[in-house]
2 protein chains.
Amino acid sequence: MTIRYGVIGTGALGGFYGGMLAKAGQEVHFLFRSDFEHVRKHGLQVDSVNGDFHLAEVNAYHNPPEMPLCDVVLVCMKTTGNHHLPEMIKPMLHPKSVVVLLQNGLGLEEDLSAQLPGVVLAGGLAFICSNKIGPGHIHHLDYGKLIIGSYNVPDQGILEQLVSDFQLAGIHSELSPDLKFARWQKLVWNIPFNGMTVVLNTTTDRLMANEQTRELSKELMLEVIHGANACGVPLKESLAQQMIDMTIKMKPYAPSMKLDYDHRRAMEIEYIYSKPIQTALDAGFVMTKVSMLEKQLRFIQAHRLDK
Amino acid sequence: MTIRYGVIGTGALGGFYGGMLAKAGQEVHFLFRSDFEHVRKHGLQVDSVNGDFHLAEVNAYHNPPEMPLCDVVLVCMKTTGNHHLPEMIKPMLHPKSVVVLLQNGLGLEEDLSAQLPGVVLAGGLAFICSNKIGPGHIHHLDYGKLIIGSYNVPDQGILEQLVSDFQLAGIHSELSPDLKFARWQKLVWNIPFNGMTVVLNTTTDRLMANEQTRELSKELMLEVIHGANACGVPLKESLAQQMIDMTIKMKPYAPSMKLDYDHRRAMEIEYIYSKPIQTALDAGFVMTKVSMLEKQLRFIQAHRLDK
């Protein structure tokens, strides 16, 4: 089976993962917005810790209706634009197409299936440090692991093929038997560090060097773990200390929400904070500290976009 | 009975309250640090909403041992310097002297009596907007009410005299029968607004205009009220909404901790946050959100003083 790929949102994630697939010989069709003209003329440039490469000929499109039908659509854009997703992906879908939401947070698949009844969905979690540093120009700094999980894919075969394609393209990729588990697990890291680096205008290394914020980060992690537990997701408390230890060893890092804040872009508060808070609440658990962080972020967002 | 007054820390508070007493004819002795030479030459200037005034001749001192014995010592400095208090006030005390701590927070009297066994103490809470705007130059913007309460004063007569002196000097002043109650009550306002204006780098009006932070402010207030309740202090939950309504009506305001932050001075985290948190904890109540705010402030303080 050969998969025809579509990539929506060709930035730090889409440019890297789509670029790696295309470089490995897969058929990949990219949707671009502002970078369209540049990529048509100059191709796609990926500077990676694993070796730089350039794709001179890219299947680049500017409008969704121009794109061919795709077997797998990798959604790599920010969740802040998800209300545009249905109109963007609809023209690319055939009855067996699988849409993979390579996005952070909770409730993404639920929202999209409500908007596009019958759509076949999977979720993906990218463990990667990558930035777009110019038009059609991606800088991959570190890591890259990809966890894929089915939401309502009837035939796992296509996801196995997808994972295999990624592996052949040089990306460490795994199929998770439990997407909900994988999404909550990633939130255990994302919730403390996305929010705290924004509210305290700092980077992960400083949060880890300070005893107070190291402790608070762990408290937030434990609250997320307990929230997950309330929702029937069996994350262990020991995960918190493991993630703290891992973060202490990491290079100074500004999570994606901090970059959004620095560049005065909308922050992904809805799916990384509000949905998990509401989901845990529906299961009877109040995430007190996470809610406080959410409110602080909402205030910052409102005043940041004002100026 | 005539009281001889000493004022320690002649800034926004000490300059105003001490200045008003001196203007009304009381004998007041002021301890100055950096402003000493200026005040000796030019006196003390108070610009007040209630009328400006100038004291040409001020009993100004530069070193505590030069000061006379005083009946009442008004401590008006920031709590961040309280470790210097014993050596500063000792030379001014006779056996019946009363030291009045005109400072915010909890545990101040406990700490000072541990350092100076036998010292006679009262606490005071100032509801005032006042700033020092230059050497020996105070700007009184609004309010001014003073609540005084005994900690271990054997004879209430001297506190009644003190309140009477303040009243005659034009300051709305009251004796509280319960200092602990008065300290906790003021914390209900101070805890949310001092910390939140620093962490979110803003003013009270903006916190009130935003639904998220208005809600969070009230949640923090309720947590302080419940902490007080656990310590046997019968504050009512309805106080939270009253204070929110009052704050909505206030002019845009930067609390003292925000001014300390802006001027890169140490913040009064210990007595406004850590002590109340510990006191409630000892009584079996965890102030979760207040603790989170404390940790954020500790981080900001550490990095602010670094730079």
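**Exercise 1. Surroundings of Leu13(B)**

Task: List the residues that Leu13(B) touches, leaving out those up to four places away in sequence.

Solution. 
1. Leu13(B) touches Cys76(B), Leu102(B), Ala126(B) and Ser130(B), once residues up to four places away in sequence are not counted. The model is predicted, and every value in these exercises is computed from it.
2. Leu13(B) has its place in helix α1 of chain B, which covers residues 12-23.
3. Decide next whether Leu13(B) is buried or exposed. The cut-off for buried is 20 or more other C-beta atoms within 10 Å. Leu13(B) has 26 C-beta neighbours inside 10 Å and therefore counts as buried.
4. For a distance across the sequence, take Leu74(B): 61 residues separate Leu13(B) and Leu74(B) along the chain, and their C-alpha atoms are separated by 9.9 Å.

**Exercise 2. The nonpolar core**

Task: State how many residues the largest nonpolar core has and which of them have the most contacts inside it.

Solution. 
1. The largest nonpolar core has 186 residues.
2. The residues with the most contacts inside this core are Leu74, Val75 and Val100 of chain A, and Leu74, Val75 and Val100 of chain B.
3. Take Val100(B) and leave aside its neighbours within four places in sequence: Val100(B) is in contact with Val72(B), Val73(B), Leu74(B), Val75(B), Ala122(B), Gly124(B) and Ile148(B).

**Exercise 3. The pairing of strand β3(B)**

Task: Find which strands pair with β3(B), starting with β4(B) and going on to β9(B).

Solution. 
1. Strand β3 of chain B (residues 44-48) and strand β4 of chain B (residues 53-55) are joined by three bridges, in the antiparallel sense.
2. β3(B) and β4(B) form a hairpin, with four residues between them. In the turn, Gly51(B) has a positive phi of about 120°.
3. β3(B) also pairs with strand β9 of chain B (residues 137-150), here in the parallel sense and over four bridges.
4. Gln45(B) can be followed in both pairings. Its bridge partner in β4(B) is His54(B), and its bridge partner in β9(B) is His137(B).

**Exercise 4. Positive phi at Tyr143**

Task: Give the phi of Tyr143 in chain A and in chain B, and classify the exposure of each residue.

Solution. 
1. Most residues other than glycine have a negative phi.
2. Tyr143(A) has a positive phi, near 55°. Tyr143(B) has a positive phi, near 60°.
3. Tyr143(A) is found in strand β9 of chain A, and Tyr143(B) in strand β9 of chain B.
4. Tyr143(A) has 13 C-beta neighbours inside 10 Å, so it counts as partly exposed. Tyr143(B) is partly exposed, with 13 other C-beta atoms within 10 Å.

**Exercise 5. Tyr61(B)**

Task: Decide whether Tyr61(B) is buried or exposed, and name the residues it touches.

Solution. 
1. Tyr61(B) is found in strand β5 of chain B, residues 59-61.
2. Tyr61(B) has 21 C-beta neighbours inside 10 Å and so counts as buried.
3. Not counting residues up to four places away in sequence, Tyr61(B) touches His29(B), Phe30(B), Leu31(B), Phe32(B), Glu66(B) and Met67(B).

**Exercise 6. How the chains are related**

Task: Find the rotation that superposes chain A on chain B.

Solution. 
1. A rotation of 179° with 0.0 Å of shift along its axis superposes chain A on chain B, with an RMSD of 0.1 Å.
2. The two copies are therefore related as by a two-fold rotation axis.
3. The same surface serves both copies, as 100% of the contact residues of chain A recur in chain B.
4. Lys289(A) comes closest to the rotation axis of the residues of chain A, at 3.2 Å for its C-alpha.

How values were computed:
Residues are numbered from 1 along each chain as its sequence is written. Chains are lettered from A and ligands numbered from 1 in the order in which they are written. This is a predicted model: local features need pLDDT of at least 70, side-chain atom pairs count only at pLDDT 80 or more; totals for chains, interfaces and linings use all residues. Two strands pair if DSSP finds at least two bridges between them. Helices (H or I, at least four residues) and strands (E, at least two) are DSSP runs, numbered from the N terminus. Copies are superposed by least squares on the C-alpha atoms of residues with pLDDT of at least 70 in both. Two residues are in contact if their C-beta atoms, placed from the backbone, lie within 7 Å. A residue is buried if 20 or more other C-beta atoms lie within 10 Å of its own, exposed if 12 or fewer, and partly exposed in between; C-beta atoms are placed from the backbone. A nonpolar core is a set of buried Ala, Val, Leu, Ile, Met, Phe, Trp, Tyr and Cys residues joined through C-beta atoms within 7 Å.
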